Amino acid sequence: MEYFLQQSINGFALGSIYGLVAIGYTMVYGIIGMINFAHGDIFMVGTFIALIAFLILVAIGITAIPLALFLMLLIAMLLTSLYGWAVERIAYRPLRGSFRLAPLISAIGMSIVLQNYVQLAQGARVKTLQPLITGTHTVLDLGNRFVVQISNIQILIVLTTLALMTGFTWIISSTSLGRDMRACEQDLKMAALLGVDTNRTISLTFLIGAALASVAGMMYLLYYGVIDFHIGFVAGVKAFTAAVLGGIGSLPGAMLGGLLIGLIETYWSAYFSVQYKDVAAFSILIVVLIFMPTGILGRPEVEKV
Amino acid sequence: MSEPLLSIKGVSAFYGSIAALKGIDVDVMPGEIVTIIGANGAGKSTLMMTICGNPQAREGRVIFEGRDITHLPTHEIMRMKIAQSPEGRRIFPRMTVYENLQMGAATAEGGDFGSDLARVYSLFPILEKRSSQRGGTLSGGEQQMLAIGRALMSRPRLLLLDEPSLGLAPLIVRQIFSAIRDLNQREKLTIFLVEQNAFHALKLAHRGYVMVNGRIALQGTGRELLERPEVRSAYLEGGR
């Protein structure tokens, strides 16, 4: 029982990271109907920018952890969202109106470009960061050998995710930007007929998706402390699985899917085999695609008139 | 005679390599209701969309208030106070009626949202009752009213209406046409109307054009066209 609870806490933290990345997939799919395969690599770029930002901050003498973390977050969000914006501008916008597979192929190309670019610029070896946030709290101690603990970094991850999700949901439901985004998602042509600059709205969607991915990237860096140029691929495919499981196009679905994938992966590692944890996640993708293609919260695809 | 509000000069438009419009000339004067009638596939809706820049005209020019708008992107054309209630109504199905109207006001800079909303609600009172309902749950007639209301929220100087009577019960059609007449007579709103329901459209319009296969085949005042034998036999007999 204590073991299960502990794994649930671990899975929740991991799932939060997946959920933040999954939102980027689901938003882009909702608005222009393409899978942005470069999104996982945007997440990876976010981890690197956060790490570089931290090293620079330390070099110029900013060592107070809370301030350094806050500045790291700001820098990572800003620069990574520029990457997200540039990817759309360079690789996808010129192909709008082209055949359906074109942006998909372009996205795979962009993913390879980003990976190789980081590999060349930063080297192929793994980068490490010593734990910045330490300390744990005992959640449950029944007196036997196993004590259930939650670490400060896990608390930080879940709280940050919660805050971002709340803010993001508010933007989508209550601001004019969010309304424009929903309008573009439901009927791009009509949104333009009402004076919405659809290209700008699509750019902003990529920007926001990348910013959320960079936060996930920074959390990943702080949580695991080890990154390399290749982590975007597996993390990206898992976040994509999360988006599909939750129902692609649905924002709450992306978050729910992320949490479920995080939990399933953690339970699998805990009770079966840690070597096969990726197999577990991807088996879910296959099973969902076969038996429940619209996901948990997705709507059945209705042909637009 | 005064300057036309909208002037379409020799416009051709293509879908891929297929010509949908073949040299169209149409003028809309301020304060007029002008209608285009024609059979399915004659290019009426394409003309509407070409005014809005999607697709853009390959030849010819579209001039609105003296300004050449032929090659502007759609959203900039709409910000010049042209509004369209498009073919198929295109209500945002997962937004409430209120949010749909808010979307309509996206280009109404510095306007008073409250009074614009009150104006639409007084024109179509059913929309106020449905304001928190999702657009996709409305009936066809209600959706059409919402599409027109949404277009009015930007306080347009030119209103484009594409087949507002399509698929609606006769009673609702009458209601919508009387609302269109009201807008024109009371508020001097200029309206460009595309219709298959030729009888209603020609009765309502000051002037009309008959479109056949991407060309203007006939033009005249609404009454003139109603009396032309070729119009009667092709579009009116038995088809009211």
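Me: What covers the buried residues of helix 5 of chain A?
Reply: In this predicted model, helix 5 of chain A covers residues 152-174. Its buried residues are A:Ile153, A:Gln154, A:Ile157 and A:Thr161. What covers them includes helix 1 (2-32), strand 3 (147-151) and helix 8 (198-224) of chain A.

Me: How many Å apart are the end C-alpha atoms of helix 5 of chain A, and what span should its 23 residues have?
Reply: The expected span takes 1.5 Å times one less than the number of residues. For the 23 residues of helix 5 of chain A this should give 33 Å, which agrees with end C-alpha atoms 32 Å apart.

Me: Which strands are the edge strands of the open sheet in chain B?
Reply: The sheet has four strands in the order 2-1-4-5, with antiparallel pairing. An edge strand pairs on one side only, and this holds for strand 2 (18-28) and strand 5 (67-68) of chain B.

Me: Which residue of strand 5 of chain B stands opposite B:Ile63?
Reply: Strand 4 (residues 59-64) and strand 5 of chain B run antiparallel and are joined by two bridges. Across this pair, the residue opposite B:Ile63 is B:Asp68.

Me: At what angle does helix 1 of chain B run to strand 2 of chain B?
Reply: Helix 1 (residues 44-51) of chain B lies across strand 1 (6-15), strand 2 and strand 4 of that chain. Its angle to strand 2 of chain B is about 70 degrees.

Me: What is omega for the peptide bond that joins B:Asn54 and B:Pro55?
Reply: B:Pro55 is in the loop between helix 1 and strand 4 of chain B. Most peptide bonds are trans. The bond from B:Asn54 to B:Pro55 is cis, with omega about 5 degrees.

Me: Is B:Arg89 buried or exposed?
Reply: B:Arg89 sits in the loop between strand 6 (82-85) and helix 3 of chain B, and its phi is positive, near 70 degrees. A residue with 20 or more other C-beta atoms within 10 Å counts as buried. B:Arg89 has 24 of them, so it is buried.

Me: How many C-beta neighbours does B:Glu163 have inside 10 Å?
Reply: B:Glu163 lies in the loop between strand 7 (158-162) and helix 7 (170-187) of chain B. Its phi is positive, near 50 degrees. B:Glu163 counts as buried because its number of C-beta neighbours inside 10 Å is 22.

Me: How many charged residues does the side of chain B that touches chain A have?
Reply: In the contact between the chains, 21 residues of chain B meet 15 residues of chain A. Helix 2 (74-79) and helix 3 (97-104) of chain B each supply at least two residues of this side of chain B. By class, this side has eight nonpolar residues, nine polar and, as for charged, four.

Me: Which residues of chain A does B:Ala106 touch?
Reply: B:Ala106 is in the loop between helix 3 and helix 4 (113-123) of chain B. With 22 other C-beta atoms within 10 Å, B:Ala106 is buried. Not counting residues up to four places away in sequence, B:Ala106 touches A:Leu194, A:Gly195 and A:Val196.

Key
Residues numbered from 1 in each chain as written. Chains lettered and ligands numbered in written order. Predicted model: local features only at pLDDT ≥ 70, side-chain atom pairs only at ≥ 80, totals over all residues. Pairing = 2+ DSSP bridges. Contact = placed C-beta atoms within 7 Å. Axes fitted to C-alpha atoms, helices over the stretch in contact; angles between N-to-C directions. Buried ≥ 20, exposed ≤ 12 C-beta atoms within 10 Å, placed from the backbone. Nonpolar A, V, L, I, M, F, W, Y, C, P; charged D, E, K, R; others polar.
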